[in-house]
Amino acid sequence: MSDLPTGVKDADAARWDAYYDATAGRPPRLTLLTALDRFDSVLPRCAVDLGCGDGRDTIALLSCGWSVIAIDAAPSAVERLAARSDLPKNAVLTTRCGKFETTEWPAVDLVNSSFALPLCPPDAFPALWDKITQSLKPDGRFAGQLYGSRDSWAGREGVTVFERENARQLFQDYEIELFDEEETDSVTPRGDAKHWHIFHVVARKR
Ligand SMILES: C[S@@+](CC[C@H](N)C(=O)[O-])C[C@H]1O[C@@H](n2cnc3c(N)ncnc32)[C@H](O)[C@@H]1O
């Protein structure tokens with residue numbers, strides 16, 4: 001009998017474990033660093049990290065003195081994050097194991113979601129995006145990635161992709177600070193060949 005959150009299969013959890021092993025020790029994402037650069041240094045600040053994995057970005061936020069709500073559907077992600085040896089002393093970290101589509105979080109200064117939002121099923125994406133936008137305080141920011149329509153994973157069950165213009169339209173209530181489109185062939189951290197079509201975005205809510 002599995003105790004995984006609803007909709008998370010054992011096979012998914014094992015797959016993500018291999019990903020966390022392969023990416024262990026990697027630095028925070030450029031989108032997060034870009035967003036952090038845009039905030040003044042006045043604390044307190046609070047972020048939610050959607051699909052936090054084992055904490056690559058969460059640790060960077062905590063190290064800057066931010067409080068973080070880290071959400072991931074894979075139990076091992078939040079377990080690994082809570083056990084990290086580089087977790088700052090006095091870190092204000094809340095972990096929630098669950099799908100970001102169905103998990104609630106309070107108003108925040110930053111919604112960070114690195115390489116995770118494309119894994120929201122298309123029928124659930126509009127409500128998730130509304131929740132993200134509603135949860136941002138005025139002048140709050142979104143940082144993260146969306147996938148484009150030419151990504152290898154386009155058409156896979158449960159994966160949301162966008163045409164460039166549709167991706168930009170998501171940000172009509174935002175001032176876009178970074179919108180980089182990347183298209184490249186390489187391998188995933190788990191060693192699978194992949195055509196990546198990615199939009200890297202940082203945007204400030206108006
Ligand atoms: C590609 S990893 C990215 C992890 C981390 N953000 C990073 O940049 O390395 C995607 C993460 O999203 C999580 N995830 C996928 N779908 C999710 C969902 N619907 N709700 C919450 N987490 C999800 C996975 O468990 C995994 O940890």
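**Around the ligand and into the core**

A polar side-chain atom of Asp72 sits 2.6 Å from an oxygen atom of the ligand. This is a predicted model, in which local features need pLDDT of at least 70, side-chain atom pairs count only at pLDDT 80 or more, and totals for chains, interfaces and linings use all residues. Residue numbers start from 1 along each chain as its sequence is written, and side-chain values use heavy atoms, with hydrogens and water left out.

For Tyr20, an N or O atom of the side chain is 2.6 Å from one, and for Tyr19 a polar side-chain atom lies 3.1 Å from one. On its own the ligand exposes 590 Å², and the protein buries 94% of that (areas by the Shrake-Rupley method with a 1.4 Å probe; for residues, only the protein chains shown count as cover). The shell holds 19 residues, of which Tyr20, Arg29, Gly51, Asp72 and Glu101 come nearest (a residue is near if one of its heavy atoms lies within 4 Å). The shell splits into 10 nonpolar, four polar and five charged residues; here Ala, Val, Leu, Ile, Met, Phe, Trp, Tyr, Cys and Pro count as nonpolar, Asp, Glu, Lys and Arg as charged, and the others, Gly among them, as polar. Helix α1 (residues 10–23) gives the most to the shell, with three residues. Helices (H or I, at least four residues) and strands (E, at least two) are DSSP runs, numbered from the N terminus.

Now for the core. The largest nonpolar core has 28 residues, with Leu117 and Ile132 making the most contacts inside it. Such a core is a set of buried Ala, Val, Leu, Ile, Met, Phe, Trp, Tyr and Cys residues joined through side-chain atoms within 4.5 Å, where buried means under 20% relative accessible area, exposed over 50% and partly exposed in between (1.4 Å probe, protein chains only). Helix α5 gives the most to this core, with four residues. Leaving aside neighbours within four places in sequence, Ile132 is in contact (heavy atoms within 4.5 Å) with Leu50, Trp105, Val111, Leu117, Phe142 and Tyr174. The buried residues of α5, Ile132 and Trp129 among them, pack against β1, β4, β5, β6 (161–162), β7 and β8.

Leu43 and Pro44 are joined by a cis peptide bond, with omega about 5°, and Pro44 falls in the loop between α2 (30–38) and β1. In strand β5, Asp139 has a positive phi, near 70°.

Methods
A polar contact is a pair of N or O atoms within 3.5 Å; within protein, one must be able to donate a hydrogen and the other to accept it, and residues adjacent in sequence count only if both atoms are side-chain atoms.
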